[in-house]
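Reader: I'd like to learn how to read a model like this one. Could you walk me through it, one feature at a time?

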Amino acid sequence: MTNETLAEYANLSLYSAMAVFTLAMLCHAAYLAGLLPARDRTAPDRELVAAGASTSTTRAASGERGAGATDDDVPLRARKAAGVASTTTWLGGLLLLACVVLRGLSVHRWPLGNMFEFAVMGSMFTVLAYSLWSTRRDLRWLGLFVTAPVLLVLGMALRVWYTEAAQVMPSLQSYWLVIHVTVAVLATAVFTIGAAATGIYLVKDAVQRAGRTSVLDRFPETGAIERTAYGLHIVAFPLWTFTLIAGAIWARQAWASYWNWDPKEVWTFVIWVVYAAYLHSRATSGISRQTASYIALAGYACVIVNFAVVNVFFVGQHSYSGL
Amino acid sequence: MVEQVTQPQLRAAGWLRWMWRQLTSMRTALFLLLLLAVAALPGSIWPQRSIDAARTADYIASHPTAGPWLDRLGFFEVYASPWFAAIYLLLFISLVGCVLPRSRMHWRAMRATPPRAPARLERLSAHRVAEVAVEPGAVLEAAREVLARKRFRTHAHDLDSLSAEKGFLKETGNLVFHVALIFVIVGVAIGHLFGWKGDVIVPVGQTFANTLLRYDTFAPGPWVDPQTLAPFTLRVDRLDATFEENVTGRGQFGQPRDFTAHVTTTATPGAASQRSTIKVNHPLEMQGAGVFLLGNGYAPVVTVRDARGNEVYSGPTPFLARDNNYTSVGAIKVPGAAGKQLGFSGLFLPTALVDREQGPISVFPDAKKPALALTLFEGQLFPGGRPQSVYVLDTAEMTQVKNDKGEPLRLWLEPGKTITLPGDRGSITFDGVDRFAGLSIRHDPGKLVTLAAALLALAGLVASLVVRRRRVFLRVSPAGPAGRTVVTVAGMAKGDDEGLDRVVQDVLTAVQDRMPRPPETDPDPAPSRLGAGSRWSDRG
Ligand code: HEM
């Protein structure tokens, strides 16, 4: 049933992707390092105030311009590093896509049957979502914080979660697998980028309040980062809501009842509730953006537990033992 | 006198109103949401009685101090515990108390006219100024058309301004989302009250009739009459099971690959029969109930004869798998034998191996080399008529049969083999191996309500997150030269809105596009009051 050659090519793409991401990560780091001399400048002119002030106020505040000021005062070396980083991130994403496609072809099914495959497709979505979005706005400041976790997850996928290419068990043979799990993985990818942006926001905010200068001064202003994070979360949250509903529909097909309070369902529900609380807190007057951001990070902590802990250590129907 | 009576009442009413306001505040809702998340967690950590009663009992037995306390506090039945219910009920009361006044306000807002334009539009952060070569009235007329085409609702409070607003769908979506959540719970409640579920094990070749008596376990909702189940029947003709044999990597070899039960059903006894299949993920929908294939296993066919060779027991006996290779435990209870009753207890092994350390085990889930490993007891099978598991022998009033050397008698049977039991107890024959289907049958009249409400909630959520509530204002004032007008467009949004600036620009551009173009020959385009880089200055 399984095509060994294709499975080997899939692994080869994965190794290449990891090599490429290592390069991408280093270049993203080099870009940030290149921004460092900002410390010497007396006042980084962050709020770009153009000549026709009346027309450009919102533009400057919206943070669409990304890293601090114009590109002109970024050292050439850093800009070059960012260019290489962007290309290699794209390349790594496409290699992951190749890995996913080859893996699917090798087993004649949707390549989402085990933790290894979740991790690879999740990384692919994360990187491609980041790269696609980068074409619309300057996200170079975020690159390191996307490629580094992706590399970590891929390493875990190979070392800890690796599973040989094979068919899946009967409860996974359903088109609901394609719908439910793919959207779950996509939502997780967007939550991941959102969590990275939220973390940067909180750190930058704390550093700024402490009155210290750092490379973070060259990132977009805190409000813009926070809005970026919010924008990511309101994309991911409906996706997660859909995941929850599709999972319930599938559970009724496979296990007779749409909701069983199985550990995986409990955590999916908890994640949903925590992120709902985040959206709520952001709309509640008197709750600071920092507090809201901590709730978002708590939500992401639950996402990690749901994947790395619940799948492995909790007894439930999702572990598919003893059917 | 009167005062003394009414005052405490007033105070109580004040308190009540204060408490209601607290309960329905956004802060309380937020707190309750977080509390709900935390309260849901223990159910994933501790075994839950309604999901796995055996594991729960094991846990309590192996934690003699903490176990009973956790039990008393509801940790083994979290989702039916009073504290969990308290949280979500408070949340939903808060939700109703929040949604009703908001709906009323929204209803009014939708029918109200957009507010008067602020006097100084330049104060708004998103604004544009331009000068056009027409009268102010014509500009306002054009602006009204432009905004209407962009689906703004417009209103002119005076002769030199225009107010417009759109995006009511955001709040509508938000309200729909919150109301739909209530209906999700309503659907769950209907399913809980009027739904039922039952499990039954049906060996291949046997027929199941949907009556209460036939179920191994049956859990009806509180308002279900179990005597009125739809009277369908279902015979399991064949059960196919395949397992992974080719891939030998970790965690794959021996994994189940396909289970299919071929069945013949009738809607009522005696009605025309119909053939169909049930697979995992492909339930069979009977009238008023879904039939799900949730388990399977082996039912070795065994014949027991007495000393004279008369058959006293014959048929498939389900054994319960206890690991992924279907090492199965079970008991064969032979009450019919004259004198003492016999009970065989032990293992069925689909692919048998006698391991040095673990003893007899199965090493593959398919029936490649089946064997029965049994011990024999005799005495009273059903002491006191107590209910007992069909897979376990109650040996309280039985004694184990020994061999000549005084060791417990061990029987190892392969298909076709007969063993004569010592001491004139007759014989046992292992005729062959059948499979059984573990069926779960379920009726949930609330599921469509829940599904519809959940989808509605999703739609409302998307609308509330995607749609922007925006106001656009226009002011016109005569410019220096007659027949020219200075237009100021400004925007206002509810919450963050990075696209607002572009909307303001778009409105202005569209208004300008409707203005008569200056004649081509005009050598000196009107001076612009816009900053460098705006589109308007390119157009003149
Ligand atoms: C069952 C519990 C609840 C859940 C899961 C929930 C979830 C949500 C979510 C996900 C949002 C974000 C959608 C948006 O921003 O438009 C939201 C918004 C909102 N919720 Fe809830 N909510 C719940 C209960 C409540 C309660 C009890 C109240 C009233 C106190 C409330 C008032 C609001 C309001 C006013 C917004 C709009 C925020 C805005 O304008 O952006 N919610 N809710």
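Author: Gladly! Let's begin with Thr154(B), which counts as buried at 19% relative accessibility. The general idea is that buried means under 20% relative accessible area, exposed means over 50%, and partly exposed is anything in between, using a 1.4 Å probe and protein chains only. Before we go on, note that this is a predicted model, where local features need pLDDT of at least 70 and side-chain atom pairs count only at pLDDT 80 or more, while totals for chains, interfaces and linings use all residues. Residues are numbered from 1 along each chain as its sequence is written, chains are lettered from A and ligands numbered from 1 in the order in which they are written, and side-chain values use heavy atoms, leaving out hydrogens and water.

Reader: Where does Thr154(B) sit?

Author: Helices (H or I, at least four residues) and strands (E, at least two) are DSSP runs, numbered from the N terminus. Thr154(B) belongs to strand β2 of chain B, residues 153-155. Its C-alpha atom is 6.6 Å from that of Glu165(B), a residue 11 positions away along the chain.

Reader: How many helices and strands does chain A have?

Author: Chain A has 9 helices and 0 strands. Of its 323 residues, 58% are buried.

Reader: Where in chain A is Trp272(A), and is Trp272(A) buried or exposed?

Author: Look in helix α8 of chain A for Trp272(A). With a relative accessible area of 11%, Trp272(A) is buried. Trp272(A) and Phe237(A) are 35 residues apart in sequence, with their C-alpha atoms 7.5 Å apart in space. For contrast, take Gln253(A) in helix α7 of chain A, residues 222-255. Gln253(A) counts as partly exposed, because its relative accessibility is 25%.

Reader: Now the ligand, please. How many residues surround the ligand, and which are the closest?

Author: A residue is near a molecule or strand if one of its heavy atoms lies within 4 Å of it. Here 23 residues surround the ligand, the closest being His280(A), Cys98(B), Asn174(B), His178(B) and Ser464(B). The site is shared between chains, because residues from chains A and B surround the ligand. The largest share of the shell comes from α6(B), with 6 residues. By type, the shell holds 15 nonpolar residues, 7 polar and 1 charged; Ala, Val, Leu, Ile, Met, Phe, Trp, Tyr, Cys and Pro count as nonpolar, Asp, Glu, Lys and Arg as charged, and the others, Gly among them, as polar.

Reader: Which protein donors does the iron atom of the ligand have?

Author: Donors are N, O and S atoms within 2.8 Å of the metal (3.2 Å for Na, K and Ca), and sites may look incomplete because water is not among the atoms. For the iron atom of the ligand, the protein donors are NE2 of His280(A) and NE2 of His178(B), lying 1.9 to 2.0 Å from it. This pair crosses between chains, joining His280(A) in helix α8 of chain A with His178(B) in helix α8 of chain B. Both residues count as buried: His280(A) at 18% relative accessibility and His178(B) at 10%.

Reader: What geometry does the site of the iron atom have?

Author: Four donors count as tetrahedral if all angles lie between 85 and 135 degrees; four count as square planar and six as octahedral if opposite donors are over 155 degrees apart and all others between 65 and 115; anything else is irregular. The iron site is octahedral, with angles of 82 to 177 degrees among its 6 donor atoms.
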